[in-house]
Amino acid sequence: MNIYEELEWRGLIADCTDKAELVKRLGSAPITLYCGFDPTAESLHVGNLVPLIALRRFQLLGHHPIAVAGGATGSIGDPSGKTTERQLLTREVLDANIASVKEQLRRLLDFETTTNPARLVDNATWTAPISYLDFLRDVGKHFSVNMMIAKESVRARMEDREVGISYTEFSYMLLQAFDFYHLRKELNCELQIGGSDQWGNITAGSDLCRKKLGAHVFGLTLPLITNADGSKFGKSVAGAIWVDAKKTSVYRFYQFWIRTDDRDVIRYLKYFTFLGREEIETLEQQHTAKPEAREAHKALAKAMTDLVHGSDATTEAMRASEILFGGGLEGISESTFSDIVGEVPSKEIEKSKLEGAGSPLVELLVHAGLCPSKGQARKDVEGGGVYINNVREASFQRAVTTNDLLFGKYVLLRKGKRNYVVLTAL
């Protein structure tokens, strides 16, 4: 498939300018395209991945991708999709964020290939040197206020009388349009892609290229991702799912994808992964026939964690997941086990109680809330339903000591298949 057919099959085209012409242009020769991201945080989150992965799809098929870091636009704030004004960031914060995100982009784009390497540029380099008066004369004069007000991103905010829209954010569209003009003029960039909320900004840029350069350029938008239940994609109970492992651990990242709603999983395999059509269709058949096996979910979680964090990190995250299904604890790292601690109930215990002869297992089962009484705990142990660190314990006389502590402070108790409690020794 060519790139347009690929995106269309994956459901990744929300809208585009001059479809017939764009398809023809994409089929004639490699195209230079760009996608912008405003560095409003020190990490990308999973909601940023669709357009950036789309850049990679173009690159794999021979096209020339540019990732534009919004050192200029990010200092203003895009009103698109926002109900309140963004907090303004300093240049120092923006620079730090761009440096952090650049390393994450290396997982998604190939900057080293000699054929069509990706490029990362900062729009502050061509925007900051221009004076305010020159910008108004050279760019602002090409935009009518009537046209700008008609754009959805502006109109929605203007209709909210309590919040409204500042002149600062109102001007954002001009800055993004100037990006497209500059990239077309200096790097022969002919296509801009982005989320569907960027349609107004993209078409504004197309108009500016036509008016100032007499150039015909294209815009293509990708669908904004929502979950089947209507909730916002990329959020968990704990908040946003970040690409940076320091903000969202690899284990939690993997779990986010594993927990995808059954109604969304095939769609997300198409949106986010580089799995081919035949493989995805096979997973869809398996999912339809036996959804409880969760083969599609496992494939999605593995593909995304491999892409963002690498295969070694994925292996550890998968092993950590298996622990909550009775898997062994050999070789698991403390950081990964700490993630597991956050997934199950926990109870504290004085470390001194585990020293020497330790504490009877039956007492700890009651303390942990896994059993209502020592008598029931004894029956559960004798029945073979109790595990210490995922190893079955058959003796009700067993004591738990400091020798049982994982990383010197944890004991994982389990009753039955799914009832876990982590004892933390203090």
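Student: Which residues does D264 touch, not counting residues up to four places away in sequence?

Tutor: Contact means heavy atoms within 4.5 Å. By that rule D264 touches N227 and A228. Before going further, note that this is a predicted model, in which local features need pLDDT of at least 70, side-chain atom pairs count only at pLDDT 80 or more, and totals for chains, interfaces and linings use all residues. Residues are numbered from 1 along each chain as its sequence is written, and side-chain values use heavy atoms, with hydrogens and water left out.

Student: Where is D264 found, and is D264 buried or exposed?

Tutor: Helices (H or I, at least four residues) and strands (E, at least two) are DSSP runs, numbered from the N terminus. D264 is in the loop between helix 12 (250-258) and helix 13 (265-272). Buried means under 20% relative accessible area, exposed over 50%, and partly exposed in between, with a 1.4 Å probe and protein chains only. D264 has a relative accessible area of 1%, so D264 is buried.

Student: Which polar contact does the side chain of D264 make with another side chain?

Tutor: A polar contact is a pair of N or O atoms within 3.5 Å; within protein, one must be able to donate a hydrogen and the other to accept it, and residues adjacent in sequence count only if both atoms are side-chain atoms. The side chain of D264 makes such a contact with the side chain of R267, at 2.6 Å. A polar atom of the D264 side chain also lies 2.9 Å from the backbone nitrogen of A228.

Student: Now the sheets. In what order do the 6 strands of the open sheet stand?

Tutor: Strands of a sheet pair through backbone hydrogen bonds, either parallel or antiparallel. Here two strands pair if DSSP finds at least two bridges between them. The order is 1-6-5-2-3-4, with mixed pairing. Strand 1 (15-16) and strand 4 (119-122) each have a single partner strand, so one side of each is left without a neighbour in the sheet. Strand 5 (residues 191-195) and strand 6 (residues 218-222) run parallel, joined by 5 bridges; G195 is opposite L222 there.

Student: Which strands does helix 2 lie across?

Tutor: Axes are lines fitted to C-alpha atoms, for helices over the stretch in contact, and angles run from 0 to 180 degrees between N-to-C directions. Helix 2 (residues 19-28) lies across strand 1, strand 5 and strand 6, at about 100° to strand 6. Helix 10 (residues 172-187) runs at about 150° to strand 2 (32-37), one of the strands it lies across.

Student: What is the order in the open sheet of 5 strands?

Tutor: That order is 9-15-14-11-12, again with mixed pairing. Strand 9 (346-349) and strand 12 (391-392) are the edge strands, pairing on one side only. Strand 9 runs parallel to strand 15 (residues 419-425) over 4 bridges. Strand 14 (residues 410-415) has 5 of its 6 residues buried, and strand 14 pairs with strand 15 in the antiparallel sense over 6 bridges. In their hairpin, which has 3 residues between the strands, G416 takes a positive phi near 75°.

Student: How many disulfides does the structure hold?

Tutor: A disulfide is a covalent bond between the sulfur atoms of two cysteines. The test is a pair of cysteine sulfur atoms within 2.5 Å. The structure holds 0 disulfides. For C189, the closest cysteine sulfur is in C209, 8.3 Å away and therefore too far for a bond.
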